[in-house]
Amino acid sequence: MFKKPLFKSTINLLLNKNCNSKTININKSIIRTVTFSTEHDELRKTCNRIIEKDINPFVNEWEAKGMYPAHEVFKKLANAGLFGITRDPEYNGHGLDYSYSVAFFEELANINCGGIATSILVHTDMSLPALVNFGSDELKREFLAPSLSGDYVACVGVSEPSGGSDVAALRSYARRDGDDLIINGSKMWITNGAQADFMCMLVNTSHGPVHRNKSLVIVPLKSPGVTVARKIDKIGLRSSDTAEIFFDNVRVPYRYIIGEEGQGFMYQMMQFQDERLCVSINAVSMMFRVIQETIDYCRQRMTFDQPLINNQYIHFRLAELQSDVECLKSLNYRAADEMMNGENVTYLASIAKLKAGRLSREVIDSCLQYFGGMGFTEDLLVGRAYRDNRALSIAGGTDEIMLGIISNLMGILPKKPRKADEKLANKS
Ligand SMILES: Cc1cc2nc3c(=O)[nH]c(=O)nc-3n(C[C@H](O)[C@H](O)[C@H](O)COP(=O)(O)OP(=O)(O)OC[C@H]3O[C@@H](n4cnc5c(N)ncnc54)[C@H](O)[C@@H]3O)c2cc1C
């Protein structure tokens with residue numbers, strides 16, 4: 001059992017000073033990082049014990065099935081104190097700081113596939129942050145507490161069949177009916193969607209301006225009118241189920257809106273920062289793992305009477321990849337430290353997510369090459385990582401969307417033409 005809380009979480013997005021600023025100071029003079037202690041080592045050991053005993057022995061079977069038992073695995077992680085690391089003990093959290101989450105994200109890379117870590121992170125750090133930061137006490141008791149005890153599986157519903165990048169253009173609509181909301185629409189690409197107990201759903205709740213007409217609503221997925229239409233057949237992340245879900249006159253209490261009605265777009269943009277940083281931290285550990293496995297293989301594999309690793313072309317390339325991953329690790333730690341101090345991490349988390357996607361593609365592709373034919377089999381981690389990590393440049397905001405955010409924060413993103421200017425341009 002991992003040791004219980006020592007001190008209160010310092011994460012408080014509500015205190016975020018830079019939250020509403022359009023551009024941010026990108027020339028900081030003080031650069032800080034995350035440090036670890038023996039308590040973090042304890043957490044790492046606990047996590048790895050579960051991975052070795054309760055997860056890795058079954059990964060091949062779950063990958064083949066295209067599904068893993070999320071409730072069962074979540075319960076084991078939660079019972080060991082690994083869920084709700086930074087969350088309030090009032091709701092089954094442990095009140096630790098974000099550095100412990102960093103250690104957790106890193107150890108999840110020891111799972112022999114990307115799908116299960118993705119599913120866990122969708123639950124802990126992609127579906128719950130808005131509820132944690134803006135939800136009422138009542139809503140937290142009803143949905144956060146059982147999520148942190150491992151009884152509920154959560155998912156997050158932003159993307160729709162009509163598009164995922166342009167979040168403001170989503171179409172699902174929730175109409176008020178007395179004390180209830182009635183929801184119609186659909187969500188696409190929902191990780192955990194086939195197993196989740198509830199969705200943190202971004203939905204239009206009025207016809208106002210697109211950035212102020214949305215709310216994040218907790219939608220129990222056993223509600224009448226919810227249909228999990230299909231489990232999508234993906235090329236990677238096979239163990240994690242990804243679903244398309246329809247909502248046909250689904251009735252939920254109005255009080256299931258997280259925080260204020262109309263603030264959902266803003267809350268989701270903030271929630272995305274947690275998502276982007278945790279995937280980058282996890283990806284770095286997976287890249288180090290793949291590089292190490294490549295080194296081990298190239299040490300013992302003989303070609304032309306010498307180990308592969310002795311070829312300068314190969315050991316120089318591996319050294320270069322290792323160097324690039326170290327750079328991203330430093331950036332992640334800098335962002336994690338800022339997160340821990342309640343600062344706005346949009347700039348660093350967007351860069352981290354962009355680089356994690358691109359670097360994963362480069363590192364894993366290069367490493368796969370040095371395995372020769374073995375790299376192209378289902379038997380080794382590198383082949384699975386090659387397929388799984390491709391999603392990093394797509395899910396949670398594509399590379400192009402990250403570049404848009406970074407350009408915007410640099411003040412170089414051209415403004416959209418106003419409707420009146422467009423009409424004039426079309427006339428001329
Ligand atoms: C494995 C996986 C799991 C996922 N899990 C979830 C989940 O749990 N919840 C959820 O809500 N969503 C989830 N998604 C959806 C994901 O967030 C979207 O796929 C992503 O945001 C892109 O949306 P799209 O697929 O509709 O592509 P589109 O928005 O149609 O974009 C297509 C391409 O066009 C590019 N593009 C779009 N606009 C521009 C522009 N202005 N300039 C340049 N290029 C542009 C995009 O970058 C992309 O490359 C998941 C996706 C995958 C693959």
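In the predicted model, the ligand is surrounded by 23 residues, of which Gly164, Ser165, Trp189, Thr398 and Glu400 are the closest. By class, this shell comprises eleven nonpolar, ten polar and two charged residues. Several secondary-structure elements contribute to the ligand shell: strand S1 (154-157), strand S3 (180-191) and helix H12 each provide at least two of its residues. At the level of domains, at least three residues of the shell come from domain 2 (156-262), and at least three come from domain 3 (266-410).

The axes of H12 and helix H10 (residues 346-370) come within 9 Å of each other and cross at roughly 150 degrees. The crossing of H10 and H12 is left-handed. On the H10 side, the contact is formed by Thr346, Tyr347, Ser350, Ile351, Lys353, Leu354, Gly357 and Arg358. The residues contributed by H12 are Asp399, Met402, Leu403, Ile405, Ile406 and Leu409. Eight nonpolar residues take part in the contact between H10 and H12, together with three polar and three charged residues.

With regard to confidence, the pLDDT of the protein chain averages 93, and 91% of the residues reach a score of at least 70. Residues 1-21, by contrast, have a pLDDT below 50.

How values were computed. Residues are numbered from 1 along each chain as its sequence is written. This is a predicted model: local features need pLDDT of at least 70, side-chain atom pairs count only at pLDDT 80 or more; totals for chains, interfaces and linings use all residues. Axes are lines fitted to C-alpha atoms, for helices over the stretch in contact, and angles run from 0 to 180 degrees between N-to-C directions. Helices (H or I, at least four residues) and strands (E, at least two) are DSSP runs, numbered from the N terminus. A crossing is left-handed if the near helix is turned anticlockwise from the far one by less than a right angle, and right-handed if clockwise. Two residues are in contact if their C-beta atoms, placed from the backbone, lie within 7 Å. Ala, Val, Leu, Ile, Met, Phe, Trp, Tyr, Cys and Pro count as nonpolar, Asp, Glu, Lys and Arg as charged, and the others, Gly among them, as polar. pLDDT is the predictor's confidence in each residue, from 0 to 100. A residue is near a molecule or strand if its C-beta atom, placed from the backbone, lies within 6 Å of it. Domain bounds come from an automatic or database domain assignment.
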